[in-house]
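Okay, thanks for making time, everyone.

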Amino acid sequence: MCVPLNLFGQVSGGDTIYINDDSMNSISKYSARDSIYADLKKKQLHLYGEATVETEDMNLKAGYILVDMNTEEITATYLLDEEGNMIEKPLFTMGNDEVEAQTLKYNLSTKKAYIEAVKIKQDEMYLYMGRAKRQANEEIHFVEGRFTTCDLDEPHYHFQLSKAVLVPNKRIVTGPMNLYIAGVPTPLGLPFSYIPQKDQSDRTHGILFPEFVPMSEYGFGLNNLGYYIPINDRVQTFIYGSIYSRGSWGVRNVTEYAKRYKFKGNLELGFEQFRSGFPTNKNLNNIKFLWTHRQEATANPKWNFNTNINFISSNNTKNNLDPLNNDYFKNTLLSDINLNRSFPGKPYRISAKISLNQNSQTKNIALTSPIINFSTNQFFPLKKLLKAEIFQRLGVIYNIEGQNRSTFKDSLLRNGDFGGIGQQFMYGLRQRITIQTTGGIFKNVLKLTPSINYGTILNFQQINKSYDAATNSTLTDTINKVGLAHDLSLNLSATTALYTYYRFVGKNKPIMRHVLTPTVSFSYKPLLTKNREDFVGVNMAPITYSPFSNSVYQYSATKDQALINFGVNNTFELKRKSDKDTVTGFQKIRIIDAFSVSGSYDVLRDSMNLSNLNISLRISPVKWLNIVGNSSVSFYGWDATTNATVKEFALKHNKKLGRSMTNSIATTITITSKESREKIEENKELVSQNWQADYDYFYLHPERIVDFRIPWKINISHQFNINRNTYKTPYNNKEFQLIHTLNIDGDISITKRWKLGAVLNIDLKDKKVTNGYFSLNRDMHCWALSFRWTPIGYNKSFLLTIRNTSSLFKDAKLDFRKPPAFL
């Protein structure tokens, strides 16, 4: 029942009450589930059962509400159920704040309120008040308070507040406070506290608690002792410091920034000094620079700027003061800065890029500064000039690119030898144009696609080989000389699709559809730029080489090429009647996702014209099973001693049709209940909404997320590769090279709150476990405990973490670690 309140005096028309009092005009409507009683003599209104009163700025719900026109007060309280439990407690909403209490009195005129046993929820924070009074300026003064992030009526932990003042959206200022765990007081507390509220403009500076590292290769120490500085509502910065007992230390600054609908990013700059201690006493300095910037697609329709910089001056990811280094096994670091300019309504765009590639194994750094690219989308220059459809579909794509690149040893950068780095720079240009069209014959059953590709490369450095008589060897020199190379290809492809249907006898009248897609293409590549040939080999033997083999844009070709490519792809799908599908009444089951055979024949080669025959198969008979198989077969013979391929066919040379060259099969199985698989897909969707790189792995592998809603799951990944050894030697005379691995990971909920997990990587060839870890997780409602033990592999370690599940206390955690060096 919903009743408008207007003028007081008498009841007219059943449920409408008219009011004379101007002070009550702020009430817009009220309602109740059970009954509404108006006491005209006392000027009171009684609402029973799911009672609601609304004003312009306030909403009140409760089991019972009393509206008193004389005192201009609204009183609300709870009801009791059959077992004597309190239900329908007063819920007071004003703006974004919600207040739950046992008893509430609110004065419409003064805007003051008196509240008993109140509970306020704001974001992840819960504030309980024993007795409270709301002032006209919206401040709430209360005593016997409790502050927590646990949503239970009897929280697992809370801070007991003797007295406090709440300023909405700004702060809570308290007197003495004490930490309670499970209702038991602890010695931890503060004489007073200042708790900032959610208004971002009122954020304050603060200390970030460090992680205590009991032991590491640098000794014991404190990691990431920090200080937080909010600059404004768009920028915030963190300053961290780490120090260890053996003298190693580091400082770093992390700045986060964001502008809604425009961009967001993270900038980190750090310096670390590693000291090995006695007896070597070696020092190593390391500078880190990380910058991630992402511009929103809607920020600017023309310009787009993105960065992903991950630079380490020592070129070694193992140099890290964090004992649990997530990048420990990384050998490469990639950094790039991208600037793109598009022209709305135009088919072309321009981009520029600076990239840096660090490799800790080769000790090389590749710097490309910059790459400038101009490219077009496919456009149709003859669309408005000629009427023939094949000419209207004539599309053109053009691309030109230039770059400077320097590949140098990382020692040059550490020593500051920028002159040596500059001497390694090489320059080049590359352009390519593609012209193609499409057409159909035999009533468009057969699709034809002719195309022409032409490209040129211009290098400003090339190599020159000469003969050294003193050492009877070949010398290779890099010289500054302009060189031009061309390539051209003429292509024609034809494809069609053949459909075959097989009807089976049965209750559900199943129909199987077979789609056969054959493709044949011809490609002719004339030799426009020849390689050099000179007598510069050992004993002045002739050598053929490309002068651009070490240039920015490499090129090498020996002869004309005319390739006939052929292939066929098959898919099989079963369709049958099903009551589960209420839309179409049919259920589709994909029996074979893809079964393809492909190869090529080089018309102009003098021998071995036929390539290997490639066969691939992909099936997913059920949602939890995926199988991918690949194989290649050679029809040429082989030498019985060295296993090397010979020019004659195997049928003539070895009296066999051919031999298998490579074979691989990959199987992925996710075993869990149907409901759990749906939750795994939900987790994937939730993770995909978070742009941070930390979540990328779980987006690709959502089955590895620890979710207490999933009682159990097992993931099995099996990889089997067998490749033929075509170069037998006395040191390697095996017929095949075998790779056989198995990855098993899963977890099981021992109880509702305990979950045990494990990951094992097994080398089935050597019959040993190469890596693996075990994990134990405890869901403590508002706290989480996790233990991870890695007993196998190069990164042996353990990690025990106790943390708060609320983002409000994300730094309130305890980590006990043991690094690999001490196992």
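So, one definition before we start: buried means under 20% relative accessible area, exposed means over 50%, and partly exposed is in between, with a 1.4 Å probe and protein chains only. This is a predicted model, so local features need pLDDT of at least 70 and side-chain atom pairs count only at pLDDT 80 or more, while totals for chains, interfaces and linings use all residues. Residues are numbered from 1 along each chain as its sequence is written, and side-chain values use heavy atoms, with hydrogens and water left out.

Let's begin with Ser 375. It sits in strand S32, residues 364–376; strands here are DSSP runs of E, at least two residues, numbered from the N terminus. Is Ser 375 buried or exposed? Buried, at a relative accessible area of 8%. Its contacts (heavy atoms within 4.5 Å) include Tyr 348, Arg 349 and Tyr 398, leaving aside residues up to four places away in sequence.

Now the strand pairing, which takes at least two DSSP bridges between two strands. S33 (395–409) runs antiparallel to S34 (425–436), with 12 bridges joining them. Ile 397, for instance, has Thr 434 in S34 as its bridge partner. S34 also pairs with S36 (446–459), again antiparallel, over nine bridges, and there Gln 431 is partnered with Thr 456.

Last stop, Trp 754. That one is in strand S53, and it counts as partly exposed at 30% relative accessibility.

That's my tour, happy to go back to any of it.

Technical notes
Helix = DSSP H or I, 4+ residues; strand = E, 2+ residues; numbered from the N terminus.
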